[in-house]
Amino acid sequence: MSDTLSVAWALAWIRGAQAVLAENRETLNDLDRAIGDGDHGENMDRGMKAVVGKLADGAEDVQGVLKVVASTLMSVVGGAAGPLYGTAFLRAAKATEGDVDADGAVAIVAGALEGIVARGKATTGEKTMVDSWSPALDAAKAVAESGGTAAEAFRAAAEAASKGSDDTIPLRASKGRASYLGERSMGHRDPGSLSTTLILKAAADAAEAA
Amino acid sequence: MSVALVIVSHSAQLADGVVELAAQMARNVELRAAGGTDDGRIGTSFDKVNDAVTELRAAGHDVAILTDLGSATMTVESVLDFLDEEELEHVKFSDGPLVEGAVAAAVTAQVGGDLDAVVAAGRARELFG
């Protein structure tokens, strides 16, 4: 395992994310059907397949990979996840230079969260993907501050995102179309918090294999 | 400089319908529908919105953009993020109810209102007391 993560890691991350989002396509659709329009799995699957196609010839550096993810998701996804993840990866790309160490991992997660908050105007506790990205950032920061590696930072981020996703289940949605359901949105996991968890897990898996 | 409208909806049919309705009272206003995804599904398309804005700007129009739901608004805001500050003086989002807002905005453009007046009309606040 290398201490810094290169473009090979970024490509492995995104390919891994595509595979796991494809596997979870129906799960994400079902979650979205409960409190939304039922297409989150389909949209993420379509978007990530297009991303992997665009990355078939590789990329120059980590930033280049993240930029391709951003522009492709923005164009292809169609649902709310397009502009949200598109802006997330765009800000993550802007926060990245060269290979990624633990601080770089924090910068990627911080950039993504900042982009999602800027675009979706949500805060924690509103039953959105912010409820996974926000604890993920705190966890990654704690690892970097205690001298951990980038891989450890992404693993901690993924675990915190997963916990954050579990914590969305009892929440009442107050952003997006799920908010129209009021109390009936309670008892369901937010689908964006699960796709976030899967994406961060893929980053950690690829980092541990790098 | 005349003001043109881009109507962004998750549904191509809804966007076309709003354009049809708004055109009735605004025969000389350029109205563009940007509805549905690139492959004809329910959703919104960054490229459809961006292309409509680019074409209308190239034709010399100021552009007001109206949307149906929150994720359409996020798509529009993503498009606006890629414009420079000077362009943002000429391309604005009008955050109102789509049908009433589009009619009010189109009529305001028809009678020669500038971009700020059209955007304000599109918000249609007065319709809600």
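Which residue takes a positive phi just after H4(B)? Select Gly112(B): its phi is about 95 degrees. Keep in mind throughout that this is a predicted model.

**Stop 1: the helix before that glycine**

Now select residues 98–110 of chain B, which make up helix H4. The end C-alpha atoms of H4(B) are 18 Å apart, and that agrees with the 18 Å its 13 residues should span at 1.5 Å a residue. Colour the buried residues of H4(B) next; among them are Leu98(B), Gly101(B), Val103(B), Thr108(B) and Ala109(B).

**Stop 2: chain A as a whole**

You'll get 9 helices and 0 strands. The radius of gyration of chain A is 16 Å, close to the 17 Å that the globule rule gives for 210 residues, so chain A is as compact as a globular protein of that length. Along the principal axes, the C-alpha atoms of chain A fill a box of roughly 45 × 35 × 30 Å. Of its 210 residues, 61% count as buried. Take the contacts in chain A between residues at least 6 apart in sequence: 68% of them join residues at least 24 apart.

**Stop 3: helix H6 of chain A**

Select residues 102–120 of chain A, which is H6(A). H6(A) has 19 residues and reaches 27 Å from its first C-alpha to its last, close to the 27 Å expected at 1.5 Å a residue. Is this helix mostly covered or mostly open? Mostly covered: 15 of the 19 residues of H6(A) are buried. Step past its end and click Lys121(A), which has a positive phi, near 55 degrees.

**Stop 4: the nonpolar core**

Bring chain B back. The largest nonpolar core has 113 residues, and those with the most contacts inside it are Ala140(A), Ala157(A), Leu5(B) and Ile7(B). H6(A), from the last stop, gives the most to this core, with 10 residues. Zoom in on Ala140(A). Leaving aside neighbours within four places in sequence, Ala140(A) is in contact with Ala105(A), Val106(A), Val109(A), Ala153(A), Ala156(A) and Ala157(A).

**Stop 5: where the chains touch**

How many residues does each chain give to the contact? Chain A gives 14 residues and chain B gives 14 residues. On the side of chain A, the elements giving two or more residues are helices H4 (62–76), H5 (81–94) and H6 (102–120). The largest share, 5 residues, comes from H5(A). Colour the chain A side by type and it divides into 4 nonpolar, 8 polar and 2 charged residues.

**Stop 6: a valine to finish**

Last, select Val52(A), in helix H3 (residues 40–54) of chain A. Why does Val52(A) count as partly exposed? Because 19 other C-beta atoms lie within 10 Å of its own, while a buried residue needs 20 or more. Leaving aside neighbours within four places in sequence, Val52(A) is in contact with Ile14(A), Arg15(A) and Gln18(A). Finally, draw a distance from Val52(A) to Val65(A): their C-alpha atoms are separated by 9.9 Å, and the two residues are 13 apart along the chain.

How values were computed:
Residues are numbered from 1 along each chain as its sequence is written. Chains are lettered from A and ligands numbered from 1 in the order in which they are written. This is a predicted model: local features need pLDDT of at least 70, side-chain atom pairs count only at pLDDT 80 or more; totals for chains, interfaces and linings use all residues. Two residues are in contact if their C-beta atoms, placed from the backbone, lie within 7 Å. Helices (H or I, at least four residues) and strands (E, at least two) are DSSP runs, numbered from the N terminus. Ala, Val, Leu, Ile, Met, Phe, Trp, Tyr, Cys and Pro count as nonpolar, Asp, Glu, Lys and Arg as charged, and the others, Gly among them, as polar. The radius of gyration is taken over C-alpha atoms; the globule rule is 2.2 Å times the number of residues to the power 0.38. A residue is buried if 20 or more other C-beta atoms lie within 10 Å of its own, exposed if 12 or fewer, and partly exposed in between; C-beta atoms are placed from the backbone. The expected span of a helix is 1.5 Å times one less than its number of residues. A nonpolar core is a set of buried Ala, Val, Leu, Ile, Met, Phe, Trp, Tyr and Cys residues joined through C-beta atoms within 7 Å.
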